[in-house]
Amino acid sequence: MKYATQRVAYPYFICAMVLFLVQVLFGALAGTVYVFPNFLSETLPFNILRMIHTNALIVWLLMGFFGAAYYLIPEEAERDLESPLLAYVQLGLLMFGALAAVIGYMFGIHEGREFLEQPLWIKIAIVVVALIFLYNVSMTVLKGRRTAVTNVLLLGMWGIAVFWLFAFYNPANLALDKMYWWYIVHIWVEGVWELVMASVLAFLLIKMTGVDREVIEKWLYAIVGLALFSGLLGTGHHYYWIGTPAYWQWIGSVFGALEVLPFFVMVIFAFTMVWRGRRDHPNQAAMLWSLGCTVGAFFGAGVWGFMHTISFVNYYSHGTQVTAAHGHLAFYGAYVMLNLAIITYAMPYLRNRKPYNQVLNMWSFWIMSSGMAFMTFTLTFAGVVQTHLQRILGMYYMEVQDQLALFYWMRLGAGVFVVLGVLLYLVAIFGPTREEIPGRMKAVAQPAE
């Protein structure tokens, strides 16, 4: 590690992992309700379990992005962070808001809009957190070296903040509400978050492969162009059945299908860079998570998204378990694995240790990924059965749910495996380590590895 202020990333990663554990535990509880419908029905109804599960996911991923930015930007900009104090204040506000939201949800205090259930004061606090972060990282970059990695990362982070402002607009017209709701939910995860993903991956590949920066930056700009070209108008594949004009069915189908391209290019990009560069980097677990991230994103966000993005297919599959299959694998493959990759890479430097617990970390990769893959296949088959019985044969919704019981049991088993993989990862990252890296983190400006 080159700069002392990169240590700011350490508490961000710790808090992110705490919320990650909360997220998967509440996901397992929600999965249990599918097989035991009255489980916790009086204490924590299903809508509250699901709310905490999804909100914890969003918050810990953002916290991981913030930590990644605070780790890589000083190294890219070749200067310390503008204000480490502001970064710690930001973290405190973010954690307080997250815990307050969870407690509020448990007592039924929320606004009801899916993913945007936060009370108004928490939404305002998120804006304050975003402004602190953007000031800190933007000033760091503007006063230091500018690279393609930091340019793209800042574009993604500014996009996250700007599109969040639509959370404050809640029109009475339901169709209009959904249009602007997707400005956040879609453009975040299928637009500006992809820029964050591409920039962090580029940083990791520069550090771990030794390929020339210029080569990686050319790939990075190509990915960014594809992501913005397909992702912005790809929002239209959510507009099919909410009362918008019929032309959105063509726009959404065409550009929704094109959203596969940036994820496919990321796979080619990552594997090509690893093949061209050195493949003996000591942190093999970070390399595995980085490569796995591109493959998981391609299949989860790309292939599984494409499966039901065309309007005449979506007409039947919309709102079924096919959507749940796509959502789980897309978030896991693209953004969960990305955060786990940068944390795996950075933690040895942040803890002043050589890369440690490599085998345990890689076991967590395979257990977690296998569990998520099995869950995805299970939900996909459940969705196909549901589509046929409910949308073709016309059976009632609850009758169809009875026919899906076996799939829900298998989904619960897969969820338990995911939780086990998460626990192994936490032990690998925060558990006992080997000897210190001699003199590694004592100077303020050492050359990169």
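**Notes on helix packing, a surface patch and a salt bridge**

1. Helix H3 (84-106) and helix H4 (120-142) each supply at least two residues of a nonpolar patch. Please keep in mind that this is a predicted model. The patch covers about 680 Å² and is built from Leu85, Val89, Leu93, Leu120, Ile124, Val128, Leu165 and Phe168. Phe168, for its part, sits in the loop between helix H5 (148-164) and H6.

2. Next, have a look at helix H6 (residues 174-209) and helix H12 (residues 321-350), which pack with their axes 10 Å apart and at an angle of about 35°. Their crossing is left-handed. On the H6 side, the contact involves Val189, Trp193, Glu194, Val196, Met197, Val200, Leu201, Phe203, Leu204, Lys207 and Met208. H12 answers with Phe331, Ala334, Tyr335, Leu338, Ala341, Ile342 and Tyr345.

3. Finally, the charged pairs. Side chains of opposite charge can pair when their charged atoms come close. There are 9 salt bridges in the structure, and one of interest joins the side chains of Arg50 and Glu114 at 2.6 Å, N to O. Arg50 belongs to helix H2 (residues 46-77) and Glu114 to the loop between H3 and H4, so this pair ties together parts 64 residues apart in sequence.

Note on methods: Residues numbered from 1 in each chain as written. Predicted model: local features only at pLDDT ≥ 70, side-chain atom pairs only at ≥ 80, totals over all residues. Heavy atoms only, no water. Axes fitted to C-alpha atoms, helices over the stretch in contact; angles between N-to-C directions. Helix = DSSP H or I, 4+ residues; strand = E, 2+ residues; numbered from the N terminus. Left-handed = near helix turned anticlockwise from the far one by under 90°. Contact = heavy atoms within 4.5 Å. Patch = residues over 30% accessible without salt bridge, like charges linked within 9 Å, V, L, I, M, F, W, Y side chains within 5 Å. Areas by Shrake-Rupley, 256 points an atom, 1.4 Å probe, with all protein chains shown as cover. Salt bridge = Lys/Arg side-chain N within 4 Å of Asp/Glu carboxyl O.
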